Amino acid sequence: SRATADSSLGRRARAMVFLRLRGLESQPELNGKEATLVSCAGGRWKISTECLSTPIAVRPSCLELCDSGGVQLGSRNVVIQSVGVRAELNGLVATQKVFHADRCRWQVELSDGETILLRPDRLVDTEGRGIVDPVYVAPRTGWQEGQALFAAVAFDTSEVILHEKAAVTVADSPWATRLAQLARAFLRLTPALQETLLDLHTPTDYQGSTGPRTTGAGAPRQVKLSEADIFEAVCKGGLSVPESDRSRVGRFLRVFAGNSYESGSGSALFATTSRANHSCDPNVYRADLADGSCALVALKPIAPGEELCVSYLRERNLAESKDQRVLHLSRWGFSCDCTCCNSASDPQRAFLCGQVAGCTGLRMAEAASLGACSSCGTSVDSAKAAVLLRKEAAFVERYRSLEQNFADMPDPQVTLPRVLADAQEVLAEEHWTVNGLLDMNQDLFEQFGNIERAIQMIEARQRAWTHLMPRPSVQAGFLHEKRADMLLRRGRRADAAAGYLASLNAFRAVIRPGDPDGWYADVAGKFRSCLEGA
């Protein structure tokens with residue numbers, strides 16, 4: 001039972017990207033040691049190591065990136081027991097690495113480097129206590145009733161919770177072909193796996209698109225379809241479903257539409273990961289892996305018994321206001337009632353103080369009013385709050401209009417900076433609308449070669465993002481990378497290298513170096529180029 005498990009898996013993730021020293025002639029004993037970058041300046045960079053009490057300056061050529069492992073897997077010692085096929089393994093001490101949810105097996109590493117998969121009952125810890133699954137499924141109560149995914153043990157920030165291969169995947173394709181492929185894949189599953197998937201939340205209606213997944217203009221229309229419409233499309237896709245299977249297949253298609261994730265160039269449904277409910281303040285990040293499976297990674301410390309929640313929204317949508325998130329979540333047919341959405345204030349709607357000269361505090365929107373300043377504590381009366389909220393609404397409408405008609409905007413070099421300047425007289429850069437306007441202005445200045453102004457825009461976005469997304473995020477890595485790219489264009493190689501390293505650290509907190517999108521590898525290559533050219 002879960003009660004017999006240790007309260008922690010003992011897997012402390014090391015999200016920090018380290019450097020390794022090499023080629024030092026004056027202190028050769030340091031070669032091969034890991035180091036962290038303290039500062040970059042000119043031809044010598046300051047680094048620190050556990051061996052030295054104070055930082056030392058070294059040439060960049062004496063550093064190399066130590067990027068193996070990514071978000072760290074397990075490092076806890078376990079003892080193998082009761083293995084019949086390979087009895088010689090019994091009694092050996094191995095390293096517990098990661099739980100494979102689709103196989104219900106722990107991956108362990110033997111002393112010779114061989115990795116094998118074993119059931120939890122084939123392992124005990126070094127004190128003889130049983131090893132269990134890191135997660136379990138149980139009913140939850142509240143606004144989103146039903147089955148949910150919970151932590152069986154404690155996790156630290158950036159710990160890998162599990163790996164899982166998708167039960168069903170489908171590539172982006174024309175609508176009828178996609179539905180036929182899904183129906184065919186479901187019918188090929190074992191009866192036990194079919195039942196597991198059908199036990200996921202089943203939307204009342206099938207809600208899907210009338211075409212392949214796209215983004216931007218021309219995206220297929222989202223529609224609700226009857227069962228008759230679904231099977232007419234399946235038939236057009238080249239599959240005739242027997243009458244005896246129609247009820248189960250129809251239900252599965254609704255399950256897939258409501259529980260699948262975008263993955264690569266298609267979508268994927270998971271037996272365990274798809275149990276995770278949504279929160280606008282998620283404690284888990286789902287990362288795609290190179291082999292087509294996914295990993296769940298802790299975004300914050302998680303206690304045993306705590307529900308594991310992911311975000312159904314993209315990071316940039318999570319950084320928007322409550323009202324905007326409600327619109328995005330409407331496709332799943334529910335309104336979020338997480339702690340973030342239940343808060344009286346809306347941190348994504350930050351206003352300038354405006355009451356005390358020079359005050360740098362923020363006022364958060366609270367329903368139809370504004371809260372007290374976070375710095376000076378002053379309040380605004382209802383009449384002034386109403387005026388400020390009307391101005392905010394006008395800026396939001398203006399921003400949405402610019403976003404939708406960006407390509408046709410007349411004289412953008414005048415329009416965009418002016419709208420941003422007007423908004424910043426009332427709204428803080430931490431306001432989601434100002435963050436979007438900063439993004440637009442950054443692209444504008446970069447397009448027209450004003451790199452210094454573009455750098456100013458992205459630095460303001462980085463400050464805002466720390467407020468809008470106070471947890472590990474992929475977007476933080478992209479912002480660091482983009483700023484470093486611009487610094488490199490200005491010839492500031494050392495500053496760019498520090499930026500690329502910050503990007504790698506942000507990525508490493510939630511993804512592994514072998515991510516299928518190549519984000520980590522791309523930035524690592526840029527950092528190495530800085531080392532070679534410094």
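Predicted model: local features only at pLDDT ≥ 70, side-chain atom pairs only at ≥ 80, totals over all residues.
Which backbone nitrogen lies 2.7 Å from a polar atom of the side chain of Asn-90? It is the backbone nitrogen of Val-83.

**Asn-90 and its loop**

- Asn-90 sits in the loop that connects β6 (76–80) with β7 (93–100).
- Its relative accessibility is 31%, so Asn-90 counts as partly exposed.
- Leaving aside residues up to four places away in sequence, Asn-90 touches Ile-80, Gln-81, Ser-82 and Val-83.
- Leu-123 is 33 residues away from Asn-90 along the chain, and the C-alpha atoms of the two are separated by 9.5 Å.

- Strands of a sheet pair through backbone hydrogen bonds, and the pairing can be parallel or antiparallel.
- β6 and β7 run antiparallel and are joined by four bridges; here Val-78 stands opposite Ala-94 in β7.
- β7 is also joined to strand β8 (residues 105–109), by five bridges, and these two strands again run antiparallel.
- Within this second pairing, Phe-99 has Trp-106 in β8 as its bridge partner.
- A hairpin is formed by β7 and β8, with four residues between them. In the turn, Cys-104 has a positive phi of about 55 degrees.
- How many of the eight residues of β7 are buried? Six are, so the rest of the structure largely encloses this strand.

- Another place to look is an open sheet of three strands, with the order β23-β24-β25 and antiparallel pairing.
- The edges are taken by β23 (346–352) and β25 (369–370); each has a single partner strand, so one side of each has no neighbour in the sheet.
- Strand β24 (residues 362–366) is joined to β25 by two bridges, and the two run antiparallel.
- Ala-365 stands opposite Leu-370 in β25.
- Helix α8 (residues 382–404) lies across β23 and β25, and runs at about 110 degrees to β23.

**A buried asparagine**

- Is Asn-441 buried or exposed? Asn-441 counts as buried, because its relative accessibility is 0%, under the 20% cut-off for that label.
- Asn-441 belongs to helix α10 (residues 432–447).
- Not counting residues up to four places away in sequence, the contacts of Asn-441 are Leu-416, Pro-417, Leu-420 and Met-457.

**Aromatic rings**

- The structure holds 10 aromatic pairs.
- One of them is formed by Phe-478 and Trp-519, whose ring centres are 5.1 Å apart. The ring planes stand at 80 degrees, so this pair is edge-to-face; the cut-off for that label is over 60 degrees.
- The pair links distant parts of the chain, 41 residues apart: Phe-478 is in helix α12 (residues 474–489), while Trp-519 is in helix α14 (residues 519–533).
- Phe-478 is partly exposed, with a relative accessible area of 27%, and Trp-519 also counts as partly exposed, at 26% relative accessibility.
- Elsewhere, Phe-186, Phe-252 and Phe-256 form one aromatic cluster.

Methods:
Residues numbered from 1 in each chain as written. Heavy atoms only, no water. Buried < 20%, exposed > 50% of the residue type's maximum accessible area, 1.4 Å probe, protein only. Contact = heavy atoms within 4.5 Å. Polar contact = N/O pair within 3.5 Å; in protein donor to acceptor, adjacent residues only side chain to side chain. Pairing = 2+ DSSP bridges. Axes fitted to C-alpha atoms, helices over the stretch in contact; angles between N-to-C directions. Phe/Tyr/Trp six-rings, centres within 6.5 Å; stacked < 30°, edge-to-face > 60°.
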